[in-house]
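Visitor: Hi! I'm new to looking at proteins. Could you walk me through this one?
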Amino acid sequence: MCENRNVGTDYYFCVGCDERYHKECVESPLQIKHPFHPRHSLQLFLTPRGCDYHCAHCLTYLTLKSYHCTSCNLNLDPICAMKQLPIVKNHPKRHVHPLTFFPRQDSLACNVCGVIKKFNPTYVCVPCDFVAHRNCIYFPFVIKISRHRHRVAFTSSLPSGEWFCGVCRREIDNHYGAYACQKHCNNYFVHTRCALRGDVWDGVELEGVPEEPDVVVEPFERIAEGIILHFTHAHQMRLEVSLVYDRTKICQACVLPIYEGSFYACMDQCDFILHDACANAPRRIHHPLHPHPLTLKAVAVTFEDDGQFHCNACAQRGCGFVYECQVEEECFQLDVMCASISEPFHYHGHKHPLFLALDPDEKHQCHICKGGYSKLLNCIECDFVVCFMCAALPYKVRYKHDKHFLTFCNWQEASDSDWCEICEGKLIVGENDFKFYVVGYGIEGTTGFYGCNECCTTLHIHCLLGKQRYMKPGQTIYVTMKSRSCRILHNNSNSRPICSGRKCQRRCLFNTVFKVDAHIFCCWECAQLFDEDDE
Ligand SMILES: [Zn+2]
Ligand SMILES: [Zn+2]
Ligand SMILES: [Zn+2]
Ligand SMILES: [Zn+2]
Ligand SMILES: [Zn+2]
Ligand SMILES: [Zn+2]
Ligand SMILES: [Zn+2]
Ligand SMILES: [Zn+2]
């Protein structure tokens with residue numbers, strides 16, 4: 001009758017049709033008075049299909065029968081309606097005195113979460129002027145949230161002053177409960193409702209759990225001045241300065257070329273190189289997108305974890321170094337570029353610092369690529385939003401046929417007559433341009449481009465950096481449902497090969513090609529369709 005699968009000890013059983021019915025559902029009277037809502041009586045009600053009705057007591061979604069108050073639009077499922085509501089709750093850790101149920105919840109702000117909830121069982125201690133929602137009574141006292149590197153502890157009020165939440169960046173009312181940094185970091189406070197969000201807290205109460213010391217392990221051993229032994233490579237590496245731009249010299253950590261500055265190169269025969277900054281990337285970090293520490297590792301060149309990983313921030317595949325969570329079974333992974341983005345983030349294309357302050361329940365779009373697959377950073381002063389994929393794009397790049405640096409330009413800076421020098425296609429391509437969309441250029445033109453101011457060179461981002469910019473040549477990955485071995489190679493032959501993808505059949509223009517058996521594909525997507533093309 002109520003479609004609630006949870007059948008208790010007492011139920012009615014229909015021998016004819018082998019169905020069980022809750023005792024409460026069968027015996028439910030047409031009208032009841034309930035202590036949860038003493039103001040009005042509740043009528044037995046057939047919940048309309050497709051309507052979003054929840055039981056105000058247990059918060060489960062209602063499908064068939066419920067008790068309904070028309071004047072207040074309140075619902076109780078038949079089981080909760082028949083249950084005795086505990087009038088007194090005793091949880092001295094939250095409040096020293098017993099708390100009594102108070103039915104007019106829509107007039108009281110909870111001392112724990114600071115929110116007024118219209119229908120949420122609420123308990124009070126009148127002499128102390130203390131109010132708490134039923135669930136809030138049992139909220140944790142010490143937790144680790146992703147946005148802050150130290151643990152935060154519940155505090156029933158904040159010192160006087162104007163405070164802002166370290167998650168949503170909005171103001172906190174200091175009369176109500178909040179979480180505060182245990183190490184007293186620069187008045188770091190978080191709204192109770194923000195601290196306990198599913199994407200911020202891992203659900204673990206840490207009160208009484210000893211804290212592991214933050215051991216710093218150096219990423220390399222310094223052998224001599226300018227010579228190191230990096231933990232990801234067996235041979236010593238020497239510091240060199242980039243003089244001539246070479247597209248095929250790729251950093252093993254971030255999978256981007258060496259555009260300028262110094263880098264470490266293997267002193268043996270390997271073409272293993274690392275940007276100076278990437279060689280110094282810490283082995284263990286705290287990142288604002290995950291509550292647990294992340295550990296740096298190199299993805300093996302041979303088959304291991306598919307030879308690739310999926311970044312949880314930008315949603316792109318990568319074969320470089322990965323920061324990985326060691327705590328959870330379903331691991332959280334970040335590429336080196338996304339891992340380097342934290343709060344506040346200074347994006348070259350915006351004058352204010354950016355934060356991870358958007359409400360995850362709201363739908364937002366990156367202002368650069370118009371996409372919504374990767375995690376978003378936003379400005380708390382104006383409405384600017386940028387995704388991790390776009391935020392991690394290098395600002396300054398090199399192109400082999402231009403002696404200057406090219407910089408990232410917003411697509412508004414392009415004119416209708418600009419062309420991409422690599423693919424010779426139009427620089428601005430409409431989102432609905434069928435040809436470009438289908439062959440896999442993505443929605444280029446809306447995502448910005450790279451340009452040289454002096455030579456007026458203009459290039460699509462994908463054409464210059466590659467469509468899978470974090471998949472590195474030399475790597476073997478597995479593609480298609482049949483797990484075929486696929487080798488990623490530099491695309492540097494003078495005659496650019498034709499992509500074997502039957503739906504593509506175009507010259508491979510990107511920096512890398514994907515080789516499966518004797519077939520060459522221009523991108524991962526075309527290689528992934530290999531078996532389908534075969535048939
Ligand atoms: Zn039932
Ligand atoms: Zn509350
Ligand atoms: Zn907040
Ligand atoms: Zn690098
Ligand atoms: Zn990423
Ligand atoms: Zn974007
Ligand atoms: Zn702004
Ligand atoms: Zn192009």
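Guide: Happy to! Let's begin with one residue: Asn-75 is found in strand β6, which covers residues 74–76. Keep in mind that this is a predicted model.

Visitor: Okay, is Asn-75 buried or exposed?

Guide: Asn-75 counts as buried, because its relative accessibility is 4% and the cut-off for buried is under 20%.

Visitor: Which side chain does the Asn-75 side chain make a polar contact with?

Guide: That partner is His-68: the two side chains make a polar contact at 2.9 Å.

Visitor: And what else is Asn-75 in contact with, leaving aside its neighbours within four places in sequence?

Guide: Quite a list! Among them are Phe-45, Tyr-53, His-54, Cys-55 and Ala-56.

Visitor: Which residues make a nonpolar surface patch with Val-15?

Guide: Tyr-11 and Phe-13 do, and together with Val-15 they make a patch of about 330 Å².

Visitor: What do residues 93–137 look like in terms of helix and strand?

Guide: That span is 9% helix and 24% strand, with its end C-alpha atoms 9 Å apart. For residues 147–195, the figures are 8% helix and 31% strand, and the end C-alpha atoms are again 9 Å apart.

Visitor: What about "domain: DC1-like C-terminal", where is that?

Guide: UniProt, again in an unreviewed entry, places that feature at residues 487–527. This span is 10% helix and 29% strand, and its end C-alpha atoms lie 10 Å apart.

Visitor: Zooming out, how many helices and strands are in the protein chain?

Guide: The chain has 11 helices and 38 strands. Its C-alpha atoms fill a box of roughly 85 × 60 × 45 Å along the principal axes.

Visitor: And what share of the residues count as buried?

Guide: Of the 535 residues, 49% count as buried. The accessible surface of the chain comes to about 27,400 Å², and 52% of that belongs to carbon and sulfur atoms.

Visitor: Last one: among contacts between residues at least 6 apart in sequence, what percentage join residues at least 24 apart?

Guide: For this protein chain, 51% of those contacts do.

Notes. Residues numbered from 1 in each chain as written. Chains lettered and ligands numbered in written order. Predicted model: local features only at pLDDT ≥ 70, side-chain atom pairs only at ≥ 80, totals over all residues. Heavy atoms only, no water. UniProt positions renumbered as here; feature names shortened; annotations may be inferred. Helix = DSSP H or I, 4+ residues; strand = E, 2+ residues; numbered from the N terminus. Buried < 20%, exposed > 50% of the residue type's maximum accessible area, 1.4 Å probe, protein only. Polar contact = N/O pair within 3.5 Å; in protein donor to acceptor, adjacent residues only side chain to side chain. Contact = heavy atoms within 4.5 Å. Patch = residues over 30% accessible without salt bridge, like charges linked within 9 Å, V, L, I, M, F, W, Y side chains within 5 Å. Areas by Shrake-Rupley, 256 points an atom, 1.4 Å probe, with all protein chains shown as cover. Salt bridge = Lys/Arg side-chain N within 4 Å of Asp/Glu carboxyl O.
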